[in-house]
Amino acid sequence: MRLETRQAGPGDMPAVKRLIDEYIAEDYYALEELEGCLRPGRDLFHVVTDADRGGAVISFFYAFLSTLEEALPLLHVARKPEALRRYAPDTPVGVYKTASTARAYRKLGICSSFVRDVEPELRRRGARMIVSTAWRTPEGVIPVKGILRDTGFTAVAEVIRPWEHLDLFCTSCRRRHCICDAIFYIKKLDEAKDGDISE
């Protein structure tokens with residue numbers, strides 16, 4: 001197993017779509033939508049390949065720079081959480097949007113590495129915080145909870161059935177209209193050492 005991480009390109013999108021279809025939800029993204037997520041200067045789309053399997057894409061991580069006002073609805077958060085009230089709508093934020101790893105490659109720290117390694121680039125681009133919506137199974141399990149907790153994220157809101165209106169087949173609840181919930185996480189990047197938020 002020789003794993004290599006690189007920036008994603010258009011040729012990787014069919015493999016990325018297969019990972020999404022198998023591990024997240026069938027047809028959650030169309031191929032054209034994924035290709036539209038390769039905008040230079042805004043999107044950070046990385047893949048991990050296994051050189052011992054002919055360079056097969058075995059994991060991906062998609063993040064981008066946005067504003068708080070734009071990011072909240074993209075992350076299915078209808079009302080601004082109390083923890084974000086002091087932030088203006090145009091506050092620049094990094095968004096950790098979507099990630100998946102093939103089952104045989106889990107527990108190797110791939111997702112943790114992405115979460116840690118993308119943060120400095122978002123900070124360099126001016127993000128004042130990173131936001132992400134983490135899927136919660138019907139049994140109450142949040143698969144990325146440990147990763148987010150260990151990298152400094154805080155849960156600030158519960159999101160009830162954010163995908164229920166979409167016509168897709170969820171691989172977790174096994175329903176055509178997903179009944180899974182989500183938890184909205186944030187990590188502030190602009191906190192001073194004394195805990196005060198720099199303005």
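What follows is a working chat about a predicted model.

Student: Which residues of S3 point which way?
Tutor: Asp-43, Phe-45, Val-47 and Thr-49 point one way from S3. Leu-44, His-46, Val-48 and Asp-50 point the other way, and all of these are buried too. In a regular strand the side chains alternate between the two faces of the sheet.

Student: And which strands does S3 bridge to?
Tutor: Strand S1, residues 3-7, is joined to S3 by five bridges, and the two run antiparallel. S3 is also joined to S4, by eight bridges, and that pair runs antiparallel as well.

Student: How many residues lie between the strands in the hairpin of S3 and S4?
Tutor: There are five residues between the strands, and in this hairpin Gly-54 takes a positive phi near 70°.

Student: Where do they lie?
Tutor: Asp-27 is in the loop between strand S2 (25-26) and helix H2 (31-35). Arg-161 is in the loop between strand S7 (154-159) and strand S8 (169-170).

Student: Where is Lys-17, and is it buried or exposed?
Tutor: Lys-17 sits in helix H1. Lys-17 is buried because its relative accessible area is 16%, and the cut-off is 20%.

Student: Which other residues of H1 are buried?
Tutor: Besides Lys-17, the buried residues of H1 are Met-13, Ala-15, Val-16, Leu-19, Ile-20 and Tyr-23.

Student: What covers the buried residues of H1?
Tutor: The cover includes S2, H2, strand S3 (43-50), S4 and S5.

Student: Change of topic: how many cavities of 30 Å³ or more are there?
Tutor: A search of the whole structure finds one. The largest cavity has a volume of about 30 Å³.

Student: What lines the largest cavity?
Tutor: Ile-20, Tyr-29, Leu-34, Cys-37, Phe-45, Phe-60, Tyr-62 and Thr-98 line it. By class, that lining has seven nonpolar residues, one polar and no charged.

Student: What about pockets: how much space lies in the largest pocket?
Tutor: About 1100 Å³. The largest pocket is lined by 39 residues, and Ala-99, Ser-100, Trp-135, Pro-143 and Val-144 lie nearest its centre.

Student: Which elements give two or more residues to that lining?
Tutor: They are helix H1 (13-23), strand S4 (56-67), strand S5 (92-101), H4, strand S6 (129-136) and helix H5 (145-150). S5 gives the most, with six residues.

Student: How do the lining residues of the largest pocket divide by class?
Tutor: Into 25 nonpolar, nine polar and five charged.

Student: And the second largest pocket, what is its volume?
Tutor: The second largest pocket has a volume of about 280 Å³. Its lining has 13 residues, and those nearest the centre are Tyr-29, Glu-33, Cys-37, Leu-74 and Lys-97. That lining holds seven nonpolar, two polar and four charged residues.

Student: Which residues of H4 are buried?
Tutor: Ile-110, Cys-111, Ser-112, Phe-114, Val-115, Val-118, Glu-119 and Leu-122. An α-helix has 3.6 residues a turn, so residues three or four places apart point the same way.

Student: Last one: which glycine follows H4?
Tutor: Gly-126 follows H4, with a positive phi near 105°.

Conventions: Residues numbered from 1 in each chain as written. Predicted model: local features only at pLDDT ≥ 70, side-chain atom pairs only at ≥ 80, totals over all residues. Heavy atoms only, no water. Buried < 20%, exposed > 50% of the residue type's maximum accessible area, 1.4 Å probe, protein only. Helix = DSSP H or I, 4+ residues; strand = E, 2+ residues; numbered from the N terminus. 1 Å grid on protein atoms, 1.4 Å probe; cavity = no way out; pocket = protein on both sides within 12 Å on 5 of 7 lines; lining within 4 Å. Points joined across faces, edges and corners; volume = space filled by probe spheres on them. Nonpolar A, V, L, I, M, F, W, Y, C, P; charged D, E, K, R; others polar. Contact = heavy atoms within 4.5 Å. Pairing = 2+ DSSP bridges.
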